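Here are my notes for your next look at this model. Please keep the structure open while you read.

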Amino acid sequence: MNPRKRKVQPEKDIEEKNDPADEPEENLFGYISGNESDELEWETDDESTASPMSKKEIKPQKHKASKEAGSSSEVTADSSLPEAASVPYTEYEDEFDTSDEEDLRNTVGNIPMNWYDDYPHLGYDWDGKQILKSNSDDQIDYFLKRMEDPDFWKTVRDRQTGADVVLSDKDVELIHRIEASKIPDATFNDYAPWIDWFTNEVMKMPLRKFPEHKRSFLPSRIEAKQVNKMCHALRMGYMKTKKQKAEERLKKREKQFYLLWEKDDVADKMRRIHDYIPAPKRHLPGHAESYNPPAEYLFNNKELREWNKQAETPWKRKLHFIPEKHASLLDVPAYRDFMKERFTRCLDLYLCPRARKMRLTIEPEDLLPKLPSPRDLQPFPSVMSLVFTGHTDMIRCLSIDPIGQYLISGSDDMTIKVWEINTGRCMRTINVGGVVRSIEWCPNKALSLVAVAADRKLLLINPGVGDILVVKKTDSLFKETLEQTFAVSEKVKAVVQWENTSEEEWDTGIRFIVNHFKEIKQVTWHGRGDYFATVMSEGGNRSVVIHQVSTRHSQIPFAKPKGLVQCILFHPVRPFLFVATQKNVRIYDLVKQELFKKLQTYAQWISSMAIHSGGDNLIVGTYDRKMLWFDLDLSTDPYKTLRLHRNAVRAVAFHKRYPLFASCSDDGSTIISHGMVYNDLLQNPLIVPLKMLRDHQPHNDFSVLNVIFHPNQPWVFSSGADATIRLYT
């Protein structure tokens, strides 16, 4: 069978073979426009043969593209064409059909088509019949066809056959996508998932059976030496570029002029020394070096004795010689140290290295962080309003009742005093028979009770001030005798014993006495007011004891505390107990009875600590002049380390309502700071020092011993070694 013989297929078969993947890829930009209203362009190949109204011709399409030339299997042609020009659409046999083979219905071959300008036909088809030219339309026929034919805007003329071909919708869409610089295939996915064909993991075994030699990875030493030698020659001027050599040749041809007198203010141009730095010059002689100096420059006897004493340390002398006065310049003798000083000068110039250093100009203001103005952080205490006097010895501790109406203080004169805050009047004085080292008001507003640590005794005292009903209710609770329904262990009995008071002690306000086996350093209450804890630094493994008021019972929570316990605190919200030893702070979970967290202070000795009312921030004061702010949700290391005091920090305190905290020190100062804690966990606390208060007088190397805030107002109380309490508002 002849492979060139074509076979006419029915219209149905052609539509089944019409695959969108076989769309034509010819560039038809010049032959069609995307808008129906646009007109086709015109061109003439030869002025003598081409008609001015003939349509723009195109190159023949590929064979596969002819399959999509219209909705039918035949090429759409003008009605004015003769029968021979209307060529039916044919297909090759499938086995011989290729997409790269051209449509060769005109069999004249690849010849110039202008050879047929004088003939009525264009060539010959497969059957040897002439392919006649189409009749040229005039302007009226062209206009009518453009207005009546709806497919006129997508009709193009085949240059080989002279027939008009109507492009299909897929052909038009393909041309539009090519004009828009898009991928011709509309079904192609630009954003398909990436397939990593090559892995980035290093293979464990090399492709070669033996490893690479070490010299394959090391740079050549010989080449490195050659490169260094060339670089050195370029720097020193031995090796020069072609441009430099050309400039030197031009300079040699020019006339040379030399300065007779060189200036000494220009650095010497030394070729062998790179970036030469001239030596510093000697200072010019002053009035003291004159042969006839003024009288004020001559040494007196005292200055002469000091000058002679510094013979072993001559660098400390103000002058290295003794000024002398002579009548005339002829009387001046020779300088005896001339040769020595010249030799020293030459030795300094020879041995002392000189180098250029880049200096950074850093202003002190640039090193400090930009903090808000204290005026924007008001209110905070700044003015001393009241001075409470009455104690005869240093006041170690202070406490305020939960309502904020009364203040109680403990002193080394073995007494405690109850003060009215608004008037500064002393309401009551109670002798406790020992040095008061710690005092704490019960936070329960339904009880009028104060815990006082005096030497080895803990006294529960009803101060008898405030609401009369609360005072009477407190007395009635302690008058009741409780029957012990549980056995007290011998270990607890050896540490503490609850003791009832006598009638005389009851009249003074003492309701219960808890005897300890060591001196009590601190007492603190739980937030609900039923439990309180005491600290005995010298107690060893029994240094912390927790007591319950309602049951008159005590217990020892730790069998082996790690280190000397300095102070303890109850968490205001959660069942946690903070225990501060000399260098660390440990947080224990009282419900689970286990260690929850350990805070690293990096300090030498902890003196005190205070917790924020929210329970998420802790501040620790140390004897080595530091304050440590801990964010318990952030880390176990300090968030901020504040060095605001010059001596040991004695006490720290947080305000319950305002964003304030305070610290006092042996340097006689009380510093008020702003400490804003945000609910947003991503925002760090804002810490700004606000005010330094200095009114206490030092006494025996002690100054301010305690500081405490008012529960409702932005006021602060401080007690000192001068036996006074000062209120700042």
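**Notes on the helix, the cores and the rings**

1. What covers the buried residues of α9? The cover includes α11 (503-508) and β15. Contact here means heavy atoms within 4.5 Å. Buried is under 20% relative accessible area, exposed is over 50%, and partly exposed lies in between (1.4 Å probe, protein chains only). Helices (H or I, at least four residues) and strands (E, at least two) are DSSP runs, numbered from the N terminus.

2. A word on the basis. This is a predicted model, in which local features need pLDDT of at least 70 and side-chain atom pairs count only at pLDDT 80 or more, while totals for chains, interfaces and linings use all residues. Residues are numbered from 1 along each chain as its sequence is written, and side-chain values use heavy atoms, with hydrogens and water left out.

3. Helix α9 covers residues 468-479, twelve in number. From first C-alpha to last it reaches 17 Å, close to the 16 Å expected at 1.5 Å a residue. That expected span is 1.5 Å times one less than the number of residues. At the start of α9, a side-chain oxygen of Asp-467 comes to within 3.3 Å of the backbone nitrogen of Leu-469.

4. Which residues of α9 are buried? They are Val-470, Val-471, Thr-474, Asp-475 and Phe-478. Seen down the axis of α9, the buried residues fall within an arc of 135 degrees, so they line one face of the helix. The arc is taken from the directions from the helix axis to the C-beta atoms. An α-helix has 3.6 residues a turn, so residues three or four places apart point the same way. On the other side of α9, Ile-468, Leu-469, Lys-472 and Lys-479 are exposed.

5. Look at Glu-505, placed in helix α11. At 27% relative accessibility, Glu-505 counts as partly exposed. Glu-505 touches Ile-510 and Ile-513, leaving aside residues up to four places away in sequence. A polar atom of the Glu-505 side chain lies 3.3 Å from the backbone nitrogen of Ser-502. Polar contacts are pairs of N or O atoms within 3.5 Å; within protein, one must be able to donate a hydrogen and the other to accept it, and residues adjacent in sequence count only if both atoms are side-chain atoms.

6. Now the cores. A nonpolar core is a set of buried Ala, Val, Leu, Ile, Met, Phe, Trp, Tyr and Cys residues joined through side-chain atoms within 4.5 Å. The largest has 21 residues. Those with the most contacts inside it are Leu-449, Leu-458, Leu-460, Val-495, Trp-525 and Phe-532. Two or more residues each come from β12 (450-454), β13 (457-461), β15 (510-516) and β16 (522-525). A second, separate core of 18 residues includes Trp-441, Ala-454, Ile-461 and Ile-513.

7. The structure holds ten aromatic pairs. Rings of Phe, Tyr and Trp (its six-membered ring) pair if their centres lie within 6.5 Å; planes under 30 degrees apart count as stacked, over 60 as edge-to-face and the rest as tilted. Trp-525 and Phe-532 make a tilted pair, 5.1 Å centre to centre with 50 degrees between the planes. Both Trp-525 and Phe-532 are buried.

8. Where do Trp-629 and Phe-654 sit? Trp-629 is in strand β26 (residues 627-631) and Phe-654 in strand β28 (residues 649-654), 25 residues apart. Both Trp-629 and Phe-654 are buried.
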